[in-house]
Amino acid sequence: MKESIERALNVAQLKGATYADVRLVHHEDESINVKNGVVEALGHGEDQGFGVRVIADGAWGFASSAVLTIAEVERVAALAVHIAKASALFKTEEVDIGPPVVSRGEYHTPIATDPFLVPLERKIETLFKADALMRKATGVKVASGSMTFIRERKTFASTEGSWVEQEIVESGCGLTATAVGEGEVQVRSYPNAFGRHQMTRGYEFIDEMDLPGNAERVGAEADALLHADKCPSGVMTVIIGGPQLALQVHESCGHPIELDRVFGSEASYAGTSFLTTEKLDTFHYGSPVVNLTADSITPGGLGTFGWDDEGVPAQSTPIVREGLFMGYLMSRETARKIGRTSNGCMRASGWNRIPIVRMVNVGLEPGTWKLEDLIADTDDGIYLDMNRSWSIDDRRLNFQFGTEVAYEIKGGKLGRLLKNAIYTGITPEFWGSCDAVCNRDHWVVWGTPNCGKGQPMQVAHTGHGAAPARFRNIQVRGA
Amino acid sequence: MLGESQAKQITDRVLALSKSGQAEVLLWAADSALTRFANNVIHQNVAETNTGITVRVALGRRVGVALTNDVTDAGLARVVERAAELAKLQPENPEFPGFPEPQPIAPARGFDEAAAAVTPEGRARAVGEICRQSREAGTLAAGAFSTGAQEIAVANSHGVFCYHAGTACDLQAAAIAESGGNGYAQVTSWKLNDTLHSVESVGREAVAKAVHARNPQPLEPGVFTVVLEPYAALDLLDMLNYVGMSAQAVQEERSWMNDRIGQQVMSPSVTIIDDGHDEAGYPLPFDFEGVPKQKVVLVENGVPRGPVYDTTTAHKEGKPSTGHALPPPNTFGPLALNLVMSPGTATIEEMIRSTERGLYITRFWYTRVVHPRDCVITGMTRDGTFLIEHGELTKPVKNLRFTQGYVPALTQVDLIGHEARTLAGNDFGASRVPALKLREFSFTGATQ
């Protein structure tokens, strides 16, 4: 391995690269899907390869291959330089990544139980138990449960002298009950929507989620939604639960603070951002109770690691403090453009993709409220939770989210279950209307394992700390 | 490129390694490259060489799946062994119908030597032309030019072996003008020359629209007649497909097709088929189980005729598969990858001229399902939205949010464009879709 990496760096330099880095990645995953009492899919995957990223003639080039022979390493390193020189044909300025970054060391996700060593029978039995309990509710047409485990070993080395080795382990699980009837399709999920919650932890995370202990409730709630009243429409006070608020943070804070979007790198695809650079340190993104942080060090977060894919160490960055916008997610190149240094947010989804600016753990810091006190303090409103649909414009301003469940709040108490709730708003107005955030007892780092960006498409795994929070004057509709 | 004989050698080796039960191997190999640009320069430029093996081993009705991209002898032995281990460890799946038997498969053309051999300089020249046009017009161009070759082979222990090689070229360009003007254009083909001949027109279309779209004005949301460019109309096709054209969605009673098959639920001018042999798209003559793709009429003259099937969903209804299986392990069910919406006779100019008041929409963005049974979708407009008044485009407008049932929208078809354009989606395959004029489309919000 060492010889291959060194050869790639040497060949790239000999061909004319002024900078080169190599990532060698081995990825292993296991996925189990149970549906209506049968194992619907059970798979194990292994994937390995290397990518060479270079700057030559002042422009970027990247090439990658799954074939780990010395001859192929030499071909791919030379191809990366060839591609960079083609990029340079129409350049208007030289790529500048700032001062060298030299990192050395190892990082391993701390885990108590290696999920790949847990017997498959135990995993399937847990899912079968939960599956049967969800189907006790008469309206449940489809009960499904899943587990996903990932181990990624990667080595990063650069011509600047970095050499870091990392092993990242992820465990994820989830339940979904789909009830059908009365012209409705209603879904309830646990612990999070769209299949699963996921963390950089071992199998102990799966045990803690207690899928069987939550399955009957999930099925019953899906069934109850078939018969629930439609959410009323109007401008009202809402309390948004943790899983939904985590996605709100992801879409309306995490993406617009990606500095590559601000500079137009994603203009044709993922979009740009309303948080342009003149707003840094001057723009009021939210109310004074809104504090947002980007970090890659929170234990268990899906954005937690030792170094990013440019070899920049994991760290924590204030993004919003008391409502004031003060930080971006940055690469070495984009940070240089605003006179800052990278905060370690360059991540690639695999050996065959270039690192791009991605979310790490972007979270809403906890406030001071107990949830029961917050509900008691709300005379008239709606409690919304668990995402059902999500959409936001290409500058990350106008959003619309649907949630699986809503509950009426009357006189400081949770009331009847409501279905098909949608809320919509404009990002800074929405965060400006936040007047209360629940405390650390309610704060969870939720995992989003399906964040798409880039061409070719890259799916990133990101973390989002959130506790329930209250927002005033929000437009709510029943779909 | 492996070529058919080397692909067969690999699949034969895998099948020979499987000592018990039934086995199936899916082999794919790709050499692909993508040149991405923004702010009128190339900022990302990548290439990839990869090969993947997916093995399904069935011991009775117990099925294990393992994947690898290590095609050495040791790698192949390990992946077969892993699939067999997984099969042994799980309970029987009574719904597993077994692997398909061999069937005749008509080959499909879809490989262009030139497209497989594009150099970095070749892509850069095409991108450079778009950036040149953009600079001259004072706009900023962004987009991607991807080229590549893919091979797919499927074999199983019943004697199935099929192989297909195809190429793909897709050029997408957006342009950004001052004061919020945006434009977009795209061309997709498996033939390089088709793409290269369109470079100049793609640049011209995107840049001209961005210039025309400067200073967009706010507009109150409401119900409007819409003229959808093919880029926007593609979303109707994609979401109808994703939400409800799969037999699994219908069997689970969550499809918009449920209770509507055989009924007139769209305008009679709407016909949607899936055709893996359509040479104007990205042809693929068989699915990922090695079953030949049938030409499936999904909607005929506004009447849903039924979904597409893979072996598992077909077995549940005692029908043959239509050849629409996805790669294992698959929880989505079957999916149509070669959709065609039949064109009409209208030009976009005729659509605009015949509209008293409406919106001309280039593209939809971030569309998501609000309710699956009517295929109710929310999303935003993007890259050029204009108000139509008295048969003319009168002003650009700021982007709007819509929340609209796509099935009800297609009851409101007024005109269909005369040309079905080939457009690659974000995942597999490519669709062919014309422009549409719909009498009513509901907009529920606006952005700044």
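Me: How many residues of chain B are in contact with chain A, and what makes two residues count as being in contact?
Reply: In this predicted model, 70 residues of chain B are in contact with 64 residues of chain A, where contact means that the C-beta atoms, placed from the backbone, lie within 7 Å. Residues are numbered from 1 along each chain as its sequence is written, and chains are lettered from A and ligands numbered from 1 in the order in which they are written. As the model is predicted, local features need pLDDT of at least 70 and side-chain atom pairs count only at pLDDT 80 or more, whereas totals for chains, interfaces and linings use all residues.

Me: Which element gives the largest share of the side of chain B that touches chain A, and how do its residues divide by class?
Reply: The largest share comes from β2(B), with 11 residues; strands are DSSP runs of E of at least two residues, helices runs of H or I of at least four, both numbered from the N terminus. The whole side divides into 31 nonpolar, 26 polar and 13 charged residues, with Ala, Val, Leu, Ile, Met, Phe, Trp, Tyr, Cys and Pro counted as nonpolar, Asp, Glu, Lys and Arg as charged, and the others, Gly among them, as polar.

Me: What makes β2 of chain A and β3 of chain B a pair of strands?
Reply: Pairing requires at least two bridges found by DSSP, and 3 bridges join β2 (residues 38–56) of chain A to β3 (residues 62–68) of chain B, so the two strands qualify as a pair. These strands run parallel, and H44(A) has A66(B) as its bridge partner in β3(B).

Me: Which strands of chain A are joined to β24(A) by bridges, and in which direction do they run?
Reply: β10 (residues 234–240) is joined to β24 (residues 469–478) by 6 bridges, running antiparallel, and V235(A) stands opposite Q475(A). β20 (residues 421–426) has 4 bridges to β24(A), again antiparallel, with R477(A) as the partner of I422(A). β21 (residues 434–437) has 3 bridges to β24(A) and also runs antiparallel, with C434(A) opposite F471(A).

Me: Why is α3(A) called roughly parallel to α5(A)?
Reply: α3 (residues 120–134) and α5 (residues 211–227) of chain A pack at an angle of about 20 degrees, with their axes 7 Å apart. That angle makes the two helices roughly parallel, since angles under 35 degrees count as such, over 145 as roughly antiparallel, 65 to 115 as roughly perpendicular and the rest as oblique. The residues in contact include L127(A) and A130(A) of α3(A) and A215(A) and V218(A) of α5(A), and by class the contact has 8 nonpolar, 2 polar and 2 charged residues.

Me: How do you know that α4(B) and α6(B) are to be described as roughly parallel or as oblique?
Reply: The axes of α4 (residues 120–137) and α6 (residues 199–212) of chain B come within 9 Å and cross at roughly 30 degrees, and the helices are therefore roughly parallel to each other. The axes are lines fitted to C-alpha atoms over the stretch in contact, with angles from 0 to 180 degrees between N-to-C directions. Among the residues that make the contact are I130(B) and Q133(B) of α4(B) and V207(B) and V211(B) of α6(B); its classes are 7 nonpolar, 3 polar and 3 charged residues.
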